[in-house]
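Please keep the model in view while reading.

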Amino acid sequence: MRVINKKKVVRSAMQKPKRPRSSKPKLDTRLSDAEQFLLPTYKRQPFVITHGRGAYVYDSAGKRYLDFLGGIAVNALGHTHPRIVKVIRREAARAIHLSNLYHNAYQGPLSRKLAEISGMDRVFFSNSGTEAADGALKLARLCARTASDAPDKPAAKHRILAMQNSFHGRTFGAVSVTSTEKYRLPFAPLVPGVEFVHFNDIADLESKFDDTVCAVILETIQGEGGIHPVTEAFWNRARSLASQHGALLIADEIQCGLGRTGRYFAYQKFSSKPDIVLVAKPLAAGLPLGAILTTEAVASRVAPGLHGTTFGGGPLICATALEFLSIIENQKLLANVRDRAAELREGLAKLAGKFDFIREIRGEGLILGIELSVDGNSFVAEALRQGLLINCTHDFTLRLLPPFIITRAQVREFLRLFELVLAKTPKSISAASAPIAVNPPRFAQSAAR
C-alpha cells in the first residue's frame with residue numbers, strides 16, 4: 001500500500017502553473033548599443049556576425065552565410081586563414097607599432113614585393129585607400145608646381161580630371177574627385193580644380209585635357225559605380241594625353257587590384273603603365289593598410305616632411321601583407337580566380353537566359369556586376385534569407401566580390417542559392433529609368449585573360 005505525503009500534495013497545489021516561455025526574441029544589447037551610440041553612417045543589417053571561416057560567416061544565432069561580398073573586396077583569403085592568423089599572433093607578441101621615424105623589419109621587403117609585381121619603383125604606406133587617394137592628389141600637385149609658381153597661389157598646372165560615376169573614398173580630397181552628388185554636395189565647396197569626364201568617352205577627355213591638367217585619376221574597373229571596366233582605347237588615350245601634357249595618370253585599383261581580376265593589377269592587360277597606382281582593400285588580409293605605388297620620377301619630387309602617416313606601414317600589418325602576397329603566389333590563387341570566374345560567368349549567363357530582368361553582366365575575374373531592370377536592394381534582402389551575402393550598388397547592380405579561395409563546389413552553391421534569390425524576390429519596382437550600361441553588349445568584358 002502506497003503512502004501519500006500530504007505536505008508535498010498541498011505544496012504542489014499551492015504552486016502557480018508555469019507560464020509558457022515568450023516567443024519574443026531576446027533583445028541583443030549589442031544592436032541597441034550600436035543604434036544608440038554609433039554615428040548613423042551605414043544602414044546595417046539587424047543581426048550580429050560573430051565569426052567566419054573560409055568563404056563563410058556565421059551570425060550570433062548560428063546561421064551560416066556564403067560570403068560573396070568579402071568585406072567589400074577586403075577578405076580575399078576568406079576568413080581566419082591559418083597562415084594569416086599565425087603571422088598576426090607571432091607579430092603581436094613582438095611589436096604592433098613602431099614610429100615611422102625608424103625602420104621596421106617588413107616595410108622594406110613589402111615595398112620591394114609591391115614594386116616587383118606592379119612595375120612601379122617606390123611605395124608609400126597609408127592606413128586606407130581613401131588616404132592613398134588623397135596622397136596621390138598631393139603628389140600630382142607637387143609634381144606640377146614649378147619655380148615660377150607663387151608659393152601662396154595655385155600653380156598654373158593644377159587641374160585634375162576625374163571620371164563620372166567614380167568613387168575614390170570619403171576623405172575631403174577623395175570626395176572631391178568622386179562624382180556622385182550624394183557623396184559630394186553635403187560637403188561643398190570641395191577641393192577646387194576638379195573637372196569630371198564621361199567614363200570611356202575619348203572625345204570628352206580630349207576636350208577637357210590641356211596644359212593646366214596635372215593629373216587624370218580613374219578606376220581601372222569602377223566598383224561602387226556599378227562594375228564598369230575602362231576600355232583599352234580610353235586607357236591608351238588617357239596615357240598619351242597625360243604624357244603629352246606633362247600630367248600624371250593615376251590608376252585607382254583599391255577594389256580591383258592585387259589579384260581580383262586574375263592578374264595582380266587590372267591595368268596589366270594594357271601595354272602602358274600609369275604613373276601612380278592606388279591599392280588597399282585586400283593588401284593586409286583584413287587589417288587596415290593602403291599604399292601609393294609610383295615611379296622614380298614622381299618620387300624624386302618628394303622630400304621629408306611633405307607627406308607622412310602615424311600608423312601606415314606598421315610591422316604587424318606589413319608582415320601580414322607580405323604573407324598575403326606569399327599565399328597568393330604559393331597557392332596559385334591568380335589561376336584559381338580565373339578558373340572560378342569562368343565558371344561563375346557561365347552559370348550567370350544561363351541564369352540570364354531564365355530571368356529576363358537581368359540586363360547585363362560586367363566585370364573581370366572575381367569582381368562582377370549583374371545589372372537588373374528592377375530595383376536590386378530587395379534581392380540583397382532575399383539573399384540574406386537564403387544564407388548568401390551580396391551587395392547592391394547604384395540601386396540596380398548586384399555586386400559580387402567573392403574571396404580568391406572559393407572552390408568549384410562553392411561556385412555551384414552560389415549559383416543554386418542565387419537562382420532561388422532571383423526566383424523568390426518580388427519584382428514590383430520598375431527600373432524604367434535605370435541608367436544605361438556603359439558597355440552595351442549583353443555580357444560585356446570577358447573573364448581575365
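Strands (E, at least two residues) and helices (H or I, at least four residues) are DSSP runs numbered from the N terminus, and two strands pair if DSSP finds at least two bridges between them. The model is predicted: local features need pLDDT of at least 70, side-chain atom pairs count only at pLDDT 80 or more, and totals for chains, interfaces and linings use all residues. Residues are numbered from 1 along each chain as its sequence is written, and side-chain values use heavy atoms, with hydrogens and water left out.

An open sheet of mixed pairing is formed by four strands in the order 1-2-3-15. Its edges are strand 1 (49-53) and strand 15 (388-389), each of which pairs on one side only. Strand 1 runs antiparallel to strand 2 (residues 56-59), and four bridges join them. Within this pair, Ile49 stands opposite Asp59 of strand 2. Helix 15 (residues 408-424) packs on the sheet and touches strand 2, strand 3 (64-67) and strand 15, where contact means heavy atoms within 4.5 Å.

Helix 4 (residues 82-92) and helix 12 (residues 315-330) pack with their axes 9 Å apart, at an angle of about 155°. Axes are lines fitted to C-alpha atoms, for helices over the stretch in contact, and angles run from 0 to 180 degrees between N-to-C directions. The two helices, helix 4 and helix 12, are therefore roughly antiparallel, the term for angles over 145 degrees. Residues making the contact include Arg83, Ile84 and Val87 of helix 4 and Leu316, Ala319 and Phe324 of helix 12.

Definitions and conventions. Parallel < 35°, antiparallel > 145°, perpendicular 65-115°, else oblique.
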